[in-house]
Structure formats: C-alpha cells, structure tokens
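The sequence and structure come first.

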Amino acid sequence: MTENKRTILITGASSGIGRETALRLAKEGYKVFAGIRKKVDKIEIEKLNKNIKGVYLDVTNQSSIDKAFWFILKNTDRIDVLINNAGVVVAGPIEFLDTKSLKEQFAINTFGALAVAQKFIPLLHNGRIINISSMAATGIFPYIAPYCASKRALDILFNSFALENLDNIKVISIKPEAIKTPIWNKSVKKAKEYYEKLNEAAQKKYEKQLKFLADNALRNNEIGIESYVVVDTILKVIKAKNPKASYNVGTKSVWCDILSKFSQDFINRLVKLKMPKA
C-alpha cells in the first residue's frame, strides 16, 4: 500500500493477536483504532503507543458499532485497512449442542465481522478487509464444529463480498494453525461449563471425547505457533501491492488445506484414527 494509506481499525484488540497487531502497526507509524470492550483495556492499550487510540466496539451490538463509526469519523475520513480479529471458540459434541451457544459463536465470529464491515464500507473505498479466519475453516476438526462452521461461513460471505463490492475493497483471509493465545484457555473454560450442564448420561457418553478436546486445546498453548508469526503475515498483506485472497499460516494450516481437497470419506477415516474410542 502507498505511504499515505496509514489508518487501521482492528477488532478484538484487548489481547492476543489483536493486541500484538495493534502494537506492531503503531510502532511502524500506522494510526491504529483498537477495538476494545472495557475501560481498563482502553487505558492499557493506549499506554502501549501514542499511535493507538482505543475505541469501544462490541461486534455483537449494532449500537456499539454505530457509536464506534461516528467516533472514528470524528478523527479521520477514511479507514485503509479493517482487520476483523474478534473471535471465540464454542466446543462440544453436536448431539448435545444447544442453539444458544451456536448463535453466540456465529454472532461474534461471523455476523459481527460482517456488521462491522458493512458499517465501515463508506470509509473503506480502495481499502482492504483482512479477516482472521483459521485452518479450522476446512471443517475437518471434530468437537469444534461451531468454530469451524463460523470461520467457513466468514470466508464464504466475504469472498462473495470481494466479488460484488463496487468500492474496490480487497478482501484477504488469513488462516493460521493453532496459535499460543488466551482463546484456548477461554474455550476450555466454556467447554467445562457446557459439560457440567449436560445430564449424567450425556456426560458419561462423551467423557473421553471432551477430555481429549480440553487436553488438545490446552496443548495449543505449548505447541501452537507464536502470535507474532500471524502478525508478520498481517503486515505482509498490508504492505503488499497485490495481496493474495487467502494465506495459510503455519505448516499444519497448509496440510489442512491440502487434505481438504480429498474426498470426505477419506478425510473422515483419517481424522477418526486420532480420535478417542468410545
């Protein structure tokens, strides 16, 4: 991007990839509007760098999105890059998945990103939208189907937007493998709460599987890629003259992409080999 394109809006900037991205961009001279939801997060993130301005932004609340838009409009007449980073992980067996949890998953990861993008289109002419998707968008991971589906839907909706929009807005999907980030501890906590709400028969039926899920999630904090690797890719996309529509980040993400091209029967047989037996 040219040097005069220097304004970034990022959602979910209070921790993890969002926070690190905001700081890296600010250090490189970009003006960053960092979406946060708490006053303490605003104070903390603005202390990191003078180029960061915290903005209250709950992607599930249209009123919050509207207020964020008018706040930003008072400070600038354009956004060069919108980074949809806010996200959560809802996990559990489909058999007992309640629709409330499923709606919460899509409300943040999919509909929230879309609502923010729609609101800021007037400021994004000739700009870019970078979506932090996931290798899970391939849909080959059991027990985190809500997360997989929300990321797949995110990619599909925004790919259509890339084809349809008349404002020359480029859309880029970044698909990292598992990252060392607080999202996994949060997901395990949610999964535990979900498990405890199940009746005794359901808990017994999926006890091994849910332990397998929790162990894998916590292991991501040890074996996952560092968040700076994803931030490096984000910076690469922002600076690229003609960025690709999709980027896999990490070897596992690349292999997931390759595996997804095979037949569903083959994929299912392969995945089941690593799953705990009933």
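Strand β5 (residues 128-132) is mostly covered, with 5 of its 5 residues buried (under 20% relative accessible area, 1.4 Å probe, protein chains only). The model is predicted: local features need pLDDT of at least 70, side-chain atom pairs count only at pLDDT 80 or more, and totals for chains, interfaces and linings use all residues. Residues are numbered from 1 along each chain as its sequence is written, and side-chain values use heavy atoms, without hydrogens and water.

Cover is found on both faces of β5: R128, I130 and I132 are buried on one side, I129 and N131 on the other. Strands are DSSP runs of E with at least two residues, helices are runs of H or I with at least four, and both are numbered from the N terminus.

β5 pairs with two strands, as listed below; pairing requires at least two DSSP bridges between the strands.

| Pair | Bridges | Direction |
|---|---|---|
| β4 (residues 81-84) and β5 | 4 bridges | parallel |
| β5 and β6 (residues 170-176) | 5 bridges | parallel |

On the β6 side, I132 has I174 as its bridge partner.

Helix α4 (residues 99-120) forms a right-handed β-α-β unit with β4 and β5. Right-handed means that, with the strands pointing away from the viewer, the path from the first strand over the helix to the second runs clockwise.

The protein chain as a whole has 11 helices and 7 strands. Of its 278 residues, 47% are buried.

Note on methods. Buried means under 20% relative accessible area, exposed over 50%, partly exposed in between (1.4 Å probe, protein chains only).
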